[in-house]
Amino acid sequence: MTNPKIRRLFILAHLWLAGLLAPAFLLVAISGGLYLLGNGGDFKSEPVSLPVGAALDFESPTLETDVRELLNAAEINQKFEYIRNRGTVIQLRPTSRPHLEFRQTDDGLTAIRKVPDFQGTLMELHKGHGPSWFKFYQKLVALGLIGVVFGGILVGFLAKAYRRQTSIAVVIGSLIFVFLAFFS
C-alpha cells in the first residue's frame, strides 16, 4: 500500500511540471508536426550591401571579431550571439529572428538578410537555433519531459487501480515505438 500523501505529492509535482513545460511541448509538437506535413516555414531573403572589397576569412580564429568589425564598418545594425560556420557560408545566430548569412562566391563576399515567417521561427527554435537563453531553457525542458513521462508512469503504478492500465499502455507504446523506429 502506498502512502496517499506521497502519491498526492507525485501527482502535484507531475501536474506542475507538465503545466510549466506545456508551451515548450506544444512548440515541438506543432512545429514538428507542420514540418512533417510539408510546412517547414519560409525565409524572406533580401541582399545586404557590403563595402567594396569586403572580405572575411571563414577559417580565421578571430572570425567573430572580424564579422563585428565588418558590420560596424558597413554600418549594418545586426545583433548576433554566435556564428554557425558551414565552410563557404556563415550564419549569424540566432536564426529564429532576422539574421545575416554571409557567402563566399567567385565574385567575393555576399550578405543576405533572412527573415523567418512564424513557422520558420518555430522550426528554428525547435532545432535549437534560437537565443542562448532559450537553448538553455530547451535543455531544461528535455530533462523536464523525462520527468513528466516517468512521473506519469510512476503515478500510474502508485495507484493500484491504474497499475494494470499503466503497464499495458507502456508495453504497447514501447512496442509501437520499437516497431516503427527499427522494423518498418
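Biologist: What is the relative accessible area of E64?
Modeller: This is a predicted model, in which local features need pLDDT of at least 70 and side-chain atom pairs count only at pLDDT 80 or more, while totals for chains, interfaces and linings use all residues. Residues are numbered from 1 along each chain as its sequence is written, and side-chain values use heavy atoms, with hydrogens and water left out. Residues are sorted as buried (under 20% relative accessible area), exposed (over 50%) or partly exposed (in between), with a 1.4 Å probe and protein chains only. E64 is partly exposed, because its relative accessible area is 35%.

Biologist: Which side chain meets that of R68 in a salt bridge?
Modeller: A salt bridge is a side-chain nitrogen of Lys or Arg within 4 Å of a carboxyl oxygen of Asp or Glu. At 3.0 Å from N to O, the partner of R68 is E64.

Biologist: How many residues apart in sequence are the parts tied together by E101 and K114?
Modeller: The side chains of E101 and K114 form a salt bridge at 3.7 Å, N to O. E101 belongs to strand β4 and K114 to strand β5 (residues 108–116), so the pair ties together parts whose separation in sequence, in residues, is 13.

Biologist: Is E124 buried or exposed?
Modeller: The side chain of E124 meets that of K127 in a salt bridge of 3.3 Å, N to O. K127 counts as partly exposed, because its relative accessibility is 47%. E124 has a relative accessible area of 7%, so E124 is buried.

Biologist: What is the relative accessibility of E75?
Modeller: E75 is found in the loop between α2 (63–73) and β2 (82–85). Its phi is near 55 degrees, a positive value in a residue other than glycine. E75 counts as exposed, because its relative accessibility is 74%.

Biologist: Which residue is joined to R93 by a cis peptide bond?
Modeller: The residue in question sits in the loop between β3 (89–93) and β4 (99–105). Omega of the bond is about 20 degrees, and the residue joined to R93 is P94.

Biologist: Which residues of α5 make the contact with α4?
Modeller: Helix α4 (residues 132–158) and helix α5 (residues 163–183) pack with their axes 7 Å apart; axes are lines fitted to C-alpha atoms, for helices over the stretch in contact. From α4, the contact (heavy atoms within 4.5 Å) involves I153, G156, F157 and L158. From α5, the contact is made by R163, T166, S167 and V170.

How values were computed
Axes are lines fitted to C-alpha atoms, for helices over the stretch in contact, and angles run from 0 to 180 degrees between N-to-C directions. Helices (H or I, at least four residues) and strands (E, at least two) are DSSP runs, numbered from the N terminus.
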